[in-house]
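Hi,

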Amino acid sequence: MPTVDRAPSTTPPLPPLADLVEGAHVVRLPLRTRFRGLDAREALVVEGPSGWTEFSPFVEYGPAEAAAWLAATIDFGWGRLPEGGARRVAVNATLPAVAADRVPDVLARYRGCRTVKVKVAERGQTLADDIARVAAARDWVGPEGRVRVDANGGWSVESAEEALVGMAPYALEYAEQPCATVPELAELRRRVSGTGVLVAADESVRKADDPLAVARAGAADLLVVKAQPLGGVTAALRIVAAAGLPVVVSSALDTSVGLSMGAHLAAAVPGLRHDCGLGTAALLGADVTRDPLLPVDGEIDVRRVEVDVDLLRRHAVDDDRREVWLERLRASYAVLAG
């Protein structure tokens with residue numbers, strides 16, 4: 001299996017830095033429910049010749065990691081998208097680490113979704129909390145639906161095995177990044193091979209120097225791919241082709257602009273079988289468009305998003321915070337420029 005250089009590199013030439021800086025809008029969007037320890041999501045959006053695009057690496061990411069996100073910004077805003085593909089993609093509901101009695105209210109925002117991704121291994125919570133949440137998700141989606149869990153690398157091999165055995169009665173589709181490292185994923189996959197629970201890799205792909213290492217090690221049954229962290233639609237498609245594993249296309253808590261990028265990636269993946277984690281606009285209390293990419297009948301459209309200037313103004317960050325994001329943009333650009 002070859003090594004793929006995921007970005008920082010872009011298919012279109014780098015646009016002038018001044019164009020990115022001058023056109024940048026930085027927003028802070030409230031979340032309906034606390035997620036990944038966040039109460040709001042900040043993002044930078046800018047309009048390129050091909051349409052609106054997004055740069056929103058999480059605040060803890062430094063320039064080297066954020067540069068891949070900027071490569072994706074440029075790929076989507078200045079490049080050409082793959083032609084053809086689906087016009088709509090099926091998406092999962094995303095369930096934050098809420099108490100079990102809140103599950104029906106949270107999932108009511110995901111119209112027609114047949115799959116639920118449940119966040120587990122939340123700091124300060126117990127395995128009993130996780131199992132209760134998974135059970136409530138199974139009740140909501142019914143016996144014909146699918147339930148998957150996402151631990152964000154929060155379990156050891158032993159605790160992951162215990163958790164997945166405890167959740168076995170709820171017929172999990174797969175466990176996403178149950179452990180932090182590739183060797184741990186490989187060991188867990190060996191231990192649970194007889195249970196029918198598949199192991200999916202997320203952080204071991206998008207945060208790795210070599211995104212194919214997990215596939216090469218036989219440490220996962222499928223990969224979770226995200227357009228922004230992998231350098232854009234073009235770079236992510238190269239990784240998918242080289243990995244040779246089934247994939248799930250997911251989001252990084254993007255605005256609808258970033259979700260549009262993910263939807264175009266999903267539409268271009270050959271033989272995509274799994275529902276995508278691209279319904280997360282339902283977690284946002286506001287967006288940058290009047291026509292957000294919210295799930296309808298369990299699907300979202302594959303389309304460009306038109307940004308509303310009034311919403312950009314309403315949710316704009318203050319000048320100091322805007323400068324922080326512009327400095328992140330400049331630093332990431334310097335990495336791409338070499």
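How do the residues of the lining of the second largest pocket divide into nonpolar, polar and charged? Nine are nonpolar, three polar and four charged. Keep in mind that this is a predicted model.

That second largest pocket has a volume of about 210 Å³. Its lining counts 16 residues. Closest to the centre are Arg32, Ala281, Leu284, Pro292 and Leu294.

Now the largest pocket. The space in it comes to about 420 Å³. Its lining is made of 17 residues. Nearest the centre lie Arg36, Gly37, Ala121, Glu122 and Arg123. By class, that lining has seven nonpolar, four polar and six charged residues. Strand E1 (residues 25–35) gives the largest share of the lining, three residues.

Next, helix H2, residues 63–78.

Is H2 mostly covered or mostly open? It is mostly covered, with twelve of its 16 residues buried. The buried residues are Ala66, Ala67, Ala68, Trp69, Leu70, Ala71, Ala72, Thr73, Ile74, Asp75, Phe76 and Gly77.

What covers the buried residues of H2? The cover includes helices H1 (17–23), H9 (233–243), H10 (256–268) and H12 (319–337). Strands E2 (38–48) and E3 (51–55) are also among the covering elements.

Best wishes

Note on methods:
Residues are numbered from 1 along each chain as its sequence is written. This is a predicted model: local features need pLDDT of at least 70, side-chain atom pairs count only at pLDDT 80 or more; totals for chains, interfaces and linings use all residues. Side-chain values use heavy atoms; hydrogens and water are left out. On a 1 Å grid over the protein atoms alone, a cavity is a set of points where a 1.4 Å probe fits but cannot get out, and a pocket is an open set with protein on both sides within 12 Å along at least five of seven lines; lining residues have an atom within 4 Å of a point. Grid points are joined across faces, edges and corners, and a volume is the space filled by probe spheres set on the points. Helices (H or I, at least four residues) and strands (E, at least two) are DSSP runs, numbered from the N terminus. Ala, Val, Leu, Ile, Met, Phe, Trp, Tyr, Cys and Pro count as nonpolar, Asp, Glu, Lys and Arg as charged, and the others, Gly among them, as polar. The expected span of a helix is 1.5 Å times one less than its number of residues. Buried means under 20% relative accessible area, exposed over 50%, partly exposed in between (1.4 Å probe, protein chains only). Contact means heavy atoms within 4.5 Å.
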